[in-house]
Amino acid sequence: MDDPRGDMERHESPPSLWPVGAIGAALVAVCGFLWARDVVRGGRATTVATAPPLEEGRAPGAPPIPADKGEAAMPEPAPGERFPRNVFLENATLGLGAIIGGVVTLPVIGFAVMPAFLKQHSHEVDLGPISNFQEGQYVVATFLREPSQGEVSRRTAFIRNNGLLHGKPSFTCISNRCAHLGCPVQPGGPTFDDKSKTVKTPSGQVSLIPSLPAAGFICPCHGGTYDQEGNRIAGPPVRGLDRFEFWIRNGNLILGNTYSVAQVTGTGANAEIKRYTLTGPGQHVDGIESWLYPLQPPH
Ligand code: FES
């Protein structure tokens with residue numbers, strides 16, 4: 001199996017908030033420990049003095065004793081002496097701190113850990129013989145990515161045969177999902193329906209329509225515009241169009257998973273692609289903005 005995927009430099013995902021989660025978890029653990037310790041001990045050793053009866057010695061009917069006269073209502077507390085209310089307030093403060101720490105931290109930890117359990121499924125779609133893809137021409141390929149799921153898994157890719165790269169077939173395989181809000185992007189030029197083909201492959205029926213996207217790719221929703229390599233050139237999208245992994249098997253073009261792209265330099269077989277883990281529409285994959293939106297929903 002030829003595999004032309006290896007010539008693309010892989011970049012890691014944008015930074016995440018996991019350090020915040022770790023610090024928060026440590027705070028929760030410390031506060032929880034202190035709170036539990038005090039609860040188990042039943043509060044600190046407490047000595048409560050019994051106050052003498054109020055105005056002891058005053059005869060019935062006699063005028064009240066002035067505040068600055070007579071015995072103190074209760075003895076002066078000894079140094080270090082503590083009272084039930086102090087202990088209660090201390091425990092309540094620690095408990096409240098632990099609860100607040102948990103409320104702040106748990107969502108962060110959840111988002112940091114969840115992606116490990118929500119890995120992108122591996123997809124593989126056979127688009128049929130590479131001879132169906134004329135060199136230098138874009139083809140709009142439509143297929144079911146997961147036939148068992150039916151029409152909801154229908155996807156469209158813009159495929160261009162770039163000829164040979166180091167003796168191996170090279171293709172540009174661009175997703176039509178807009179990088180703004182996910183609308184289906186259209187070719188910025190004519191499509192030739194009269195030359196369309198429907199190919200039966202091991203992955204099901206694949207529709208292939210030749211196209212001439214001279215103006216690149218255009219999103220009808222908010223006017224996002226991309227060049228022929230999928231780079232954003234105008235409008236609200238925050239990055240280039242996603243791409244499909246691809247490889248050749250038994251002379252057929254196979255599409256794999258999608259990945260996100262920050263920027264493509266060069267064209268066709270000589271394109272250099274900055275590749276990132278698949279990221280949702282509207283999210284930056286590089287630059288300072290990627291720090292502002294580090295949490296990724298599942299895709
Ligand atoms: S969804 Fe494409 S420009 Fe808004």
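## Aromatic cluster and ring pairs

Phe133, Phe171 and Phe246 form one aromatic cluster in this predicted model, where rings of Phe, Tyr and Trp (its six-membered ring) pair if their centres lie within 6.5 Å, and where planes under 30 degrees apart count as stacked, over 60 as edge-to-face and the rest as tilted. Residues are numbered from 1 along each chain as its sequence is written, and side-chain values use heavy atoms, with hydrogens and water left out. Because the model is predicted, local features need pLDDT of at least 70 and side-chain atom pairs count only at pLDDT 80 or more, whereas totals for chains, interfaces and linings use all residues.

A search of the whole structure finds 5 aromatic pairs. One of them is edge-to-face, because the rings of Phe143 and Phe244 have centres 6.1 Å apart and planes at 70°. Phe143 belongs to strand β2 (residues 138-144) and Phe244 to strand β11 (residues 243-249), so this pair ties together parts that are 101 residues apart in sequence; strands here are DSSP runs of E, at least two residues long, numbered from the N terminus. Both Phe143 and Phe244 are buried, that is, under 20% relative accessible area with a 1.4 Å probe and protein chains only.

The rings of Phe171 and Phe246 are also edge-to-face, since their centres lie 6.0 Å apart and their planes stand at 70°. Phe171 lies in strand β4 (residues 168-175) and Phe246 in strand β11, so the pair ties together parts that are 75 residues apart in sequence. Phe171 counts as buried at 4% relative accessibility, and Phe246 is buried with a relative accessible area of 8%.

## Nonpolar cores

A nonpolar core is a set of buried Ala, Val, Leu, Ile, Met, Phe, Trp, Tyr and Cys residues joined through side-chain atoms within 4.5 Å. The largest has 18 residues, of which Leu127, Phe133, Phe143, Ile159, Phe171, Leu253 and Leu255 touch the most other members. At least two residues of this core come from each of β1 (125-129), β2, β3 (154-165), β4, β7, β11 and β12 (252-265). A second, separate core of 13 residues includes Val140, Ala179, Ile209 and Phe217.

## Charges over rings

The charged end of Lys195 sits over the ring of Phe192, 5.6 Å from its centre, the criterion being NZ of Lys or CZ of Arg within 6 Å of the ring centre and within 35 degrees of the ring normal. Arg275 lies over the face of Tyr259, at 4.3 Å from the ring centre.

Key:
Helix = DSSP H or I, 4+ residues; strand = E, 2+ residues; numbered from the N terminus. Buried < 20%, exposed > 50% of the residue type's maximum accessible area, 1.4 Å probe, protein only.
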